[in-house]
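Please report on the strand pairing, helix packing and nonpolar cores of this model.

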Amino acid sequence: GEPRRGLPLAYGGYSVPGFLDLPEFASAKWLPSDGRLHQLLEAAFNGTDYRFASHNDVGCDFVGVWHKDVLRGNVAKFQECDVWSPDDKGGQHEIYKVMFYLQDHTHDEQAIKVIPGSHVVRRTPWETGYVALHPRMGDTVIFDQRISHAGNTFYSVLGQGRLFMQVGFGRKNRFTDEFERGTAARQRQLQERMLKSTQPTGFATAFQDFKFLVLGTALSVLPPGLLNHFADADIKGHADRSCAGA
């Protein structure tokens, strides 16, 4: 069958990292400069200077446990300044993720869920409860990427499929510069893995879907706080990176 071009993810689903660099998405290169998008971003940034932070990927049947978006693993080193502390010039971390939903979620909770106000604290404040968003096809959701959020936690092999595109923009300062360097490195690494893992639709992809189904079933019965503990393990290290006195 047609080759499946997508990177299998740890918790289930697929991603197309750095899609704006791929020839298959050449017709989407206008997205980060769209005037309608920037009307929203100007309001989000309240008139301060901002720029595209190079973050761009596509999520396909994405399974997302509760987490905050920070640089992780071997690219965490690029984020030299703690994202919950100001730098030596008083600058603050302010990076927004923009998600475009390509299907309707009016009657389900398979889109994004957030804990309001959690972007200003390092921990995940479970006691405040979460809010499930219900975007319709074509809707755009913009949020501070430090907010505690989750997507769908169950991988369905029989559903209609879920698809979203996302890009990231940050205030023009040191925090965005550091995040962009780490993001560019991460997207290059993941894209190389994706291109090497491309395979024809058939037994191999069916087996991958089955593994995601089993994994999703297990994730759905585990306490969300336990999954979040592992997903946000890198965040504790940020406390020692304050650049306030640098």
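Serine 15 stands opposite glycine 59 in β4. Four bridges join β3 to β4, and these strands run antiparallel. Helices (H or I, at least four residues) and strands (E, at least two) are DSSP runs, numbered from the N terminus. This is a predicted model: local features need pLDDT of at least 70, side-chain atom pairs count only at pLDDT 80 or more, and totals for chains, interfaces and linings use all residues. Residues are numbered from 1 along each chain as its sequence is written, and side-chain values use heavy atoms, leaving out hydrogens and water.

The open sheet has six strands, in the order β2-β3-β4-β10-β5-β8, with antiparallel pairing. Two strands pair if DSSP finds at least two bridges between them. β2 (7-8) and β8 (140-144) are the edge strands, each pairing on one side only.

Two helices pack on the sheet, with contact meaning heavy atoms within 4.5 Å. Axes are lines fitted to C-alpha atoms, for helices over the stretch in contact; angles run from 0 to 180 degrees between N-to-C directions.

| α2 | β2, β3, β4, β5, β10 | about 30° with β4 |

The largest nonpolar core holds 29 residues; Phe19, Leu41, Val98, Phe100, Met165 and Phe169 touch the most other members. Such a core is a set of buried Ala, Val, Leu, Ile, Met, Phe, Trp, Tyr and Cys residues joined through side-chain atoms within 4.5 Å. Buried means under 20% relative accessible area (1.4 Å probe, protein chains only). A second, separate core of nine residues includes Met99, Ala111, Val141 and Phe143.

Methods:
Buried < 20%, exposed > 50% of the residue type's maximum accessible area, 1.4 Å probe, protein only.
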